Amino acid sequence: MVNWANFISQCFNGLVLGALLALISSGLTIIYGTLGVLNLAHGAMFMLGGYAGWLAYTYSDSFIIAVIVGSVFVMLVGVVMERLIIRHFYSRPHEDQLLVTFGLGIVFVEGVRFFFGSLSKMTPPPAMFQGITNLGFMFYPTYRLAALGIVAIALLALYIVLYRTRIGMIVRAGIEDAVMVDSLGIDVYKIFMLVFGIGAMAAGFAGIVNAPVVSIAPDMGEAILVQTFVVVVIGGVGSFPGAILGGLIAGEIISITSMFNPGYSYVMLFVAMTLVLVLRPYGLLGSAGRE
Amino acid sequence: MAKFKSGNKSGLSRRHVLQLGAGVASAAFIPGLGTIGWAYADDKPPIGTWPAGSEGDTVYLGAAVPLTGTYAAQGADELKGWELAVDHINEGHELMKKFAPKIDKGLLGKKVKLLSADSAAKPNTALRVAQTFINDNKIIMMTGSTSSAVAVAMNKFAEREKILYLAGISGSNDTTGKDCVRYGFRQNFFGQTAAAAIGPVLVKNFGKNRKAAFMTPDYTYGHTVTKSVNDYLKEHAGWEMVTNQVSPLGTQDFSQYLTNIANSGAEFIVNVNWGRDAVLSTQQAKQFGLLPQMKLVIPYQIPFLAKEVGADITEGVFAATDFWWTLEDKYPLSKMFVEAFQEKYGYRPEWGAENSYVSFAHWARMVSEAGSFYPPDVIKQFEKGETIPSLIGDVHYRPEDHQCVRPVVIVRGKAQKDMKNDEDFWEVLEVVPGEGLMQAPDAFGCKLGDYT
Amino acid sequence: MLKQRPFLIETLTALGLIAAPFVLPYLGFSPTTINRILIWALVGIGFDILFGYTGLLSFGQSAFFGTGGMFAAYLLTQTGFTNTVAALFLGAIVSGVIGYLVGLIALRRTGIYFAMITVAIAEVFFFVEFNPLSAFTGGENGLPGVPTPNLHLGFTTLEFDTNLSMYAFIAFWYFVGLVAALRIVRSPVGLLLRAIRDNPLRAQALGHNIHSYKLTAFVIAAVYAGFAGGLLGMMQGFMPPDAFMFATSGEIVMQTAIGGAGTLFGPLLGAATWLYLSDFFQTTLHLGATWKLILGIVFVLLICFLRRGLAGAIIDLYRLVTKKKQSEEGPATAPQSSVVVKLPTPKPATGTVHVRHQPAGGGPILQARGLTRRYGGVIANSDIDFTVDYGEMRGIIGPNGAGKSTFFKMLTCEVPPSSGKIAFEGRDITGMNVIDVCQLGLTKSYQINQLFERLTVRQNLEIAALGKVRGKFRLDLFRSLARVPGLDEQVSHTLALVNLTHRTDTSVSELAYGEKRRLEIGLALATSPSLLLLDEPLAGMSPQERVETVALLKSIAQGRTMIIIDHDMDALFELAEKVTVLQEGRVLVEGTPDQIKNNAKVQEAYLGGVHGEVA
């Protein structure tokens, strides 16, 4: 099965998967970097995005509306979650933050199951992206190509927000030194709420964009959450560029390993993570600082 | 520590000592049971929950069924089948009477009650639930599984606890093969019979020497079904397996595997994945343009697959299944079942519910014919191998491995435009009689255990 | 509170375990549920040592639970092995060995990084069990047919195959596990684990090899999980593959959190609550699939409102009741604030345990040559030569940003110098780590208090003294703290020195600032340093407190070598025999207090633009 055409195809698959992982992971990593909270409900955000988008789609028949409604909804969920619950956990130990987000993850998943049942739902891709494209070396679903583009644009948008706006500067400064931001006289809580919303939205957005590829189901976020952990560890916790690099690396590892033996793709992912930890304990692009 | 029984090499069999011990222990454990006298004849010492479980005016059955987790949809459907069967037993419904003529608003003069709890499709949770039911309610029969992992675990557990177990959905050859037990029975079709039934249909429709790509989930069930199907097609029609894409359980993105298949030159995709894996792999095969270019074959149909992926994908797909509701046109019992089910639950049953209902009906028959809840009596009644009805014709249980010899239904997906209603996904091509599909009873290494 | 009666907890637990099978069924617990609770609780004990005591939240317990269980089940079902108890222990050992190897990787990081790594580990173990090793583990089918436990006694064989005898078997091991865990948490190792939880960096600076202790806790947790895994297989005659699932780890974590971490009994309470509620919601309330939603909500609420879980709530309630009693009886302790601090009378330092050998005669104890430290492009210290003699009391001053703290950090090896050499007692310590340097007798008290906030004053000092009396790592898991030779003397001596004897059993979080400051110095003192560095010991103190602390410093200076950084020049000039002035990362000048006071360069550095006037 190992030939050049196949290898190139798999590299391409890895790129698509990697871009998705990068987007979800960047949401996780900026929340963590700014607020110091590892959101174990991040997988559930991915899932909620998918459901919100699907629901919007069934009422509007418009993919664009689905994407907008879905993202905004998940952002609101993130903001509300930060305001009502997470905020009270900043002063508590990291472990409590993990536990409460872990519990919230379960509540979200089972809540969706309660309202929408366990059968998976499909959001069809927009009409202009249906069908298959010949890439020369392989045939590829047009929507997946489009999704790659959409995810890339989303990452770029996130980059612009983080690196070209005032809020972004504050967020990045917060990642480097939360105390300093505190002393700038900025209402950190507002920023935290916003960051949590944006981070959740990144996952939710990925959930909708991915819905036409992988039909949605209540527990779809679980597996992806673990993968994003690996991505974040590889890339460096709190590092946005790290999340992107880590995502692409993880995507390629999974794809290329499965060319030889699919059973080992996750094992290889873990091996890669171990290697990174041994050689660069703070991740490829991470810096010593927050633990 | 005085309650520990010491093993002893004389006189009494160890088993007997243990049973006495179990009685003593449970009497100590469950206050309130102290009044139970063991009024049993010498030839029927207490076993499992017998006679304690059948001394009241209600007997309990326990179902550990996935309501959360990956197989929740199939589990919820199964549960409805059992509930309906229990209702029918208690009300003496005419459909149930076709299976078990001797029931009379209950079973042996007792009401039947179904207990159920979530197993999350995990063997460990399933066992925990069953153990709780045994302790709390003295259930006399257990059921529940949407995967062979749970079925095999429950089989062994049934053997240990000496309580009957009727498998829910379980497709592995092992359930009534190498992991068969005296106390376990399976009504539904499985890898071997699915392969033997769908193979000739494929050969008839597509001829010899074709190229097939397999998609196999990486666990025992997947490997056994793939092997059964591949063996049949290779031996009987010279089909070639050009690639076998093995994916881990819970894979979300199948693009890597589909890419490999796209490059393999296959004409057919035989998709052995189950549950959500099957839904996702099939949808994505379509996205990659492999379907309808390649023909899709699903040797072990998944309840709700068509509903989830949509008719535009299942159109033209060949699948083997236990039951499809349109068989109501041909079989009166099916018609009664589908009507009763639809009336109660608002949709037409899939084969998970059908298997649930029929296996309970068979059990009710065996109990009522044997005139006893004593497990060895019921087992021996099953093992008589009498011809009994199912929803799709006569069947019987093989005494050697406790597998029901039953027809396998071959269906083909309808195009959207041909569907008469929104659940009319499949067209029944053939109902293949079970007799010719079965392997030799010992072919998969079945050795049943003791009765007591 | 229960410390006075040493075996009270053990006895109560034993009685509870004996009574449980006769009482709990009335409350709706079925016998097998009780057995399962004990198995979860046993995993939980190990997990609590790791999480509640050491502060390491691992989502990887499923890996060890599964490994131990699978190994035992494999021995008993696939090989001719028949000794069930031996299989349990072998499973636990294998699990411990795997835990050791995994710990080597996972413990490279702490906090959330550690948690994420353990999640990944749990997933990988699941995949490995499921696919590559399915020939041994049965893949998705697990290993059915595990025999019930038995015990060959030579003359007879005990079979544990009924609910009650199985309960006795599991309860026995739970009890053994609990007693062992109680011993561990009361041992020096147990105290150090808590120190790591509260302030790992300080624990390290006090000369403890915290990495090894963390690894110890990780392995202990793995052994407990592995053993419990073996019990699970035997209890239900089947070793399930889902023991390896991430959800298993999640349940262990949730149960411990519900019950209360850091109590050892929390997991038991948590498991009982968890299993009881999941049964109750499903079989009594018939919630169907909604049970998990409700349980999830209950869990979130518990985390939000019961910070320390059920066990914590019970302890708080107990304290509330006993405190009420105490206040009725009148104040049991001295009033906490506004204690007038008696000036400690200087004690003769000779002949006490806390002073290391002091070579007669002078000569340098510490020599630094060409110390330079760069952070990126910024040079914090540049080419510093610095020598301190035995018995000397040296002061260091310098304006803000002069690089004083960085200089100290290099001396204690918290930060490696970019270039240069440091020799301590004639030994080159450049590039050593802070643990070994502390063990050699060089330590520092911090500018910002680095205490173990959740522990008492005594425990704080014990942690510090243990480094001296036990070395940087020792596995005395089952030795009681009270039996560590020399510990008590060292602690009470230090308590007296820093005048905290009356506050011995007070929690650090309740101390006044000045008291904390003294304890901070006490921590450094309790390691019996031959060279003590004090980083701004007077920082943040009121004038009154300063006077007292200066007296304290004078008293402890006898027979010790000390280097003090402070901004309070008057105090420093009073204390030090010789003062080094740092400016912009370099040594500006060095001399006696009088020389420094009159030095033009110093005046310039401190007074800046007005130097002309002075000159």
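Which residue is the bridge partner of C:Arg373 in S6(C)? The bridge partner is C:Asn381. This is a predicted model, in which local features need pLDDT of at least 70 and side-chain atom pairs count only at pLDDT 80 or more, while totals for chains, interfaces and linings use all residues. Residues are numbered from 1 along each chain as its sequence is written, and chains are lettered from A, with ligands numbered from 1, in the order in which they are written.

That bridge belongs to the pairing of strand S5 (residues 364-375) and strand S6 (residues 378-389) of chain C, which run in the antiparallel sense over eight bridges; two strands are said to pair if DSSP finds at least two bridges between them. Helices (H or I, at least four residues) and strands (E, at least two) are DSSP runs, numbered from the N terminus. The hairpin of S5(C) and S6(C) has two residues between the strands, and in this hairpin C:Gly376 takes a positive phi near 60°. S5(C) also pairs in the antiparallel sense with strand S8 (residues 419-424) of chain C, over five bridges, and C:Arg369 stands opposite C:Lys421 in S8(C).

Elsewhere in chain C, helix H13 (residues 291-305) holds C:Leu301. C:Leu301 counts as exposed because it has 12 C-beta neighbours inside 10 Å; a residue is buried if 20 or more other C-beta atoms lie within 10 Å of its own, exposed if 12 or fewer, and partly exposed in between, with C-beta atoms placed from the backbone.

Turn now to chain B, which has 14 helices and 16 strands. The radius of gyration of chain B is 23 Å, close to the 22 Å that the globule rule gives for 452 residues, so chain B is as compact as a globular protein of that length; the radius is taken over C-alpha atoms, and the rule is 2.2 Å times the number of residues to the power 0.38. Of the 452 residues of chain B, 62% count as buried.

Chain B is divided into domain 1 (52-189 + 329-405) and domain 2 (192-321 + 410-436), with bounds that come from an automatic or database domain assignment. The centres of the two domains of chain B, taken over C-alpha atoms, are separated by 28 Å. Across the boundary, 20 residues of domain 1 of chain B are in contact with 19 residues of domain 2 of chain B, where contact requires that the C-beta atoms of two residues, placed from the backbone, lie within 7 Å. On the domain 1 side, helix H2 (72-91) and helix H13 (351-370) of chain B are the elements that give two or more residues, and the largest share, three residues, comes from H2(B).

Chain B also touches chain C, in a contact that takes 41 residues from chain B and 42 residues from chain C. On the chain B side, the largest share, eight residues, comes from H4(B).

Finally, for chain A, an unreviewed UniProt entry places the feature "transmembrane region" at several spans, including residues 143-162 and 188-209; such annotations may be inferred rather than shown by experiment, feature names are shortened, and positions are given in the numbering used here. In the model, residues 143-162 of chain A are 100% helix, with end C-alpha atoms 28 Å apart, and residues 188-209 of chain A are 100% helix, with end C-alpha atoms 31 Å apart.
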